[in-house]
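The exercises below ask you to work from the sequence and the predicted model, and each one is followed by a solution in steps.

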Amino acid sequence: MNAPTTRRLTVAQALVAFLAHQYTERDGRRHRLINACWGIFGHGNVAGIGQALLESGDALPYLQGRNEQAMVHAAVGYARQCDRLSAQAVTTSIGPGATNLVTGAALATVNRLPVLLLPGDVFATRTADPVLQQLEVPSAGDVSVNDALRPVSRYFDRVTRPEALIPAALQAMRVLADPVETGAVTLALPQDVQAEAYDWPEEFFADRVWRITRPAPDPRALADAVRAVRGARRPLLIAGGGVHHSEAEDALRAFADTTGIPVASTQAGKGSLRYDHPADVGGIGHTGTATADALAREADLVIGVGTRYTDFTTASATLFAAPRVRFLNLNIASFDSHKLGATSLVADARAGLEALTRALSGHRVAPEYEAAYGAAKAEWERRVDAAYGAPDASVRPSQTQVLGALDALVDDSDIVINAAGSLPGDLHKLWRARSRRQYHLEYGYSCMGYEIPAALGVRLAAPDRPVWALVGDGTYLMNPTEIVTAVQEGINFTMVLVQNHGYASIGGLSEQTGGERFGTAYRFRAEDGTYTGAPLPVDLAANAASLGMQVIRAATVAELRAALAEARGANRPTCVYVETETADTVPGAPEAQAWWDVPVAETATRPAAVAARAEYDRHTAARRRHL
């Protein structure tokens with residue numbers, strides 16, 4: 001017999017070669033599973049993964065980042081734009097390079113988005129012990145700082161021997177490609193093991209396809225679901241991110257067209273229906289529309305599709321108020337499908353919706369119900385027009401008028417990215433999503449600093465689409481570094497930098513909960529410890545220009561409209577900088593339509609906190625458990 005063919009490579013070289021041959025396949029279409037590798041090099045990966053990437057050339061393209069957390073955000077933005085069918089890797093040095101991954105890993109896992117993390121680790125052989133940046137744990141010799149990634153990873157392994165890479169790499173790919181289990185996957189790579197050579201079987205480097213199936217619903221569960229829908233008088237469907245991940249938008253539209261059931265959406269699910277579809281009633285929950293939230297309060301059946309029901313969606317368990325309301329959850333994850341005591345329909349979102357639509361042929365909600373929510377939808381659109389409107393174009397815009405100016409400019413091809421601050425609330429209530437992947441809100445982790453790096457990842461996945469990163473001043477100060485990466489790599493996107501001199505969202509929340517906006521404004525500090533007076537002399541536009549962006553300043557509504565139009569046609573990374581009026585001085589978006597639970601001090605001496613607690617107690621009395 002001939003001996004098995006082998007290839008002698010280092011562990012790092014073998015891993016890079018392996019990753020270049022991994023694919024996903026769904027509906028007959030094949031995609032590279034790991035499209036590229038972001039990296040910042042230091043000791044622990046420069047002589048291992050770094051050398052291997054250099055040697056591999058175009059087999060696994062390398063992307064240079066400036067901040068480890070930001071590299072994960074960029075990879076997550078890429079994966080989401082690719083419907084989780086393609087992902088990217090991130091390599092770092094040991095020590096702070098590795099621990100800087102933790103926030104990005106948590107974001108990926110919370111949002112169920114795949115990213116492969118390859119942090120360097122300390123010597124497996126302990127020949128140099130301790131090494132630079134090594135955390136010594138006296139009670140556990142096998143612990144390193146990389147263990148901080150365990151709770152935020154869907155799969156974690158430390159490759160301490162060359163031959164251990166084979167099962168570890170295969171498990172990593174399994175999890176990355178699994179629509180239920182996916183998230184951050186970490187392979188910690190000791191720096192000595194990365195450089196160690198081994199004779200690898202050639203089969204390890206063969207093309208491998210990870211097929212992503214569309215599980216159909218169990219017939220008995222489907223029958224239960226159909227009975228629930230047919231028995232409901234005021235059903236409401238909530239579309240979550242699973243609709244997008246499954247590419248189930250057409251199936252959802254067919255379901256709505258057949259049944260007339262209104263469709264609300266979470267932050268992750270917005271755009272599942274176009275804003276102008278008759279059944280689309282907008283965002284749901286604390287940041288939702290008046291239309292959707294009113295329907296939710298009176299619904300006798302709530303149909304969740306691809307949603308995990310966060311507290312913003314349920315208004316901290318106060319939104320679904322009908323005495324006999326029941327839930328029907330269509331989700332590929334059994335964990336989510338059983339929430340709120342629901343009738344469970346475990347299936348792929350598209351396959352499940354198609355099965356429900358066929359089984360409900362001939363069934364439709366009452367015309368009176370359609371007419372009522374249609375009228376409410378039209379009234380809400382008038383409120384959106386009012387929030388967007390700017391009767392005097394010569395004045396400084398409000399934040400909602402900034403959105404209105406952008407809304408008037410974009411078409412189906414544009415992509416809007418945001419994650420934190422007051423913008424997510426305004427966007428969820430007001431933005432008119434025109435296409436399935438136009439609205440890109442990271443609100444599972446709501447991570448400040450996500451928007452700019454995510455824009456790079458989205459643009460890499462969709463190079464022909466205009467990409468807008470909507471960034472508040474607080475977020476900008478958290479993580480502007482990848483502007484340099486965008487300039488270096490020629491990754492074109494537009495940043496709309498909204499300056500309101502503070503943390504607007506948390507400032508409002510602080511006021512509502514008795515905190516009196518303490519510590520939320522960017523102002524000079526007075527002798528009594530309060531932050532008052534003029535804004536700080538900080539020029540964020542000049543900072544963006546110093547990092548290589550083209551900057552267009554807009555002081556009025558008219559200048560803003562012109563600046564956005566100019567930026568959309570630019571051929572380099574561009575910043576539109578606008579200072580906005582605050583919510584205290586200019587009417588903005590409609591206020592929150594539902595509650596959100598942020599506990600208030602039970603005892604306090606300041607009147608604001610005492611009043612806030614009384615209001616808190618009033619709301620908590622309406623909370624209920626759905627069993």
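**Exercise 1.** How many salt bridges does a search of the whole structure find, and which parts does the pair of arginine 211 and glutamate 25 tie together?

*Solution.* The search of the whole structure, which is a predicted model, gives 39 salt bridges. One of them joins arginine 211 to glutamate 25, with the closest N and O atoms 3.1 Å apart. Arginine 211 belongs to strand 11 (residues 208-211) and glutamate 25 to strand 2 (residues 22-26), so the pair connects parts that are 186 residues apart in sequence. Next, apply the cut-offs, under 20% for buried and over 50% for exposed: arginine 211, with a relative accessible area of 58%, is exposed, whereas glutamate 25, with 16%, is buried.

**Exercise 2.** Are aspartate 348 and arginine 214 buried or exposed, and which network do they join?

*Solution.* Begin with the contact itself: the side chains of aspartate 348 and arginine 214 meet in a salt bridge with an N to O distance of 3.0 Å. Aspartate 348 sits in the loop between strand 17 (343-346) and helix 14 (349-359), while arginine 214 sits in the loop between strand 11 and helix 8 (219-230), so the pair ties together parts that are 134 residues apart in sequence. Aspartate 348 has 4% relative accessibility and counts as buried, and arginine 214, at 18%, also counts as buried because its value is under 20%. Finally, follow the shared partners: salt bridges join Asp27, Arg214, Asp348, Arg350 and Glu354 into one network.

**Exercise 3.** Which residues form a nonpolar patch on the surface, and where is tyrosine 62 found?

*Solution.* The nonpolar patch on the surface is formed by Phe41, Val46 and Tyr62, which together have about 240 Å² of accessible area. Tyrosine 62 is found in strand 5 (residues 62-64). To check its place in the patch, recall that members need over 30% relative accessible area; tyrosine 62, at 31%, is partly exposed.

Notes
Residues are numbered from 1 along each chain as its sequence is written. This is a predicted model: local features need pLDDT of at least 70, side-chain atom pairs count only at pLDDT 80 or more; totals for chains, interfaces and linings use all residues. Side-chain values use heavy atoms; hydrogens and water are left out. Patches are made of residues with over 30% relative accessible area and no salt bridge: like charges are joined within 9 Å, nonpolar side chains (Val, Leu, Ile, Met, Phe, Trp, Tyr) within 5 Å. Accessible areas come from the Shrake-Rupley method with a 1.4 Å probe; for residues, only the protein chains shown count as cover. A salt bridge is a side-chain nitrogen of Lys or Arg within 4 Å of a carboxyl oxygen of Asp or Glu. Helices (H or I, at least four residues) and strands (E, at least two) are DSSP runs, numbered from the N terminus. Buried means under 20% relative accessible area, exposed over 50%, partly exposed in between (1.4 Å probe, protein chains only).
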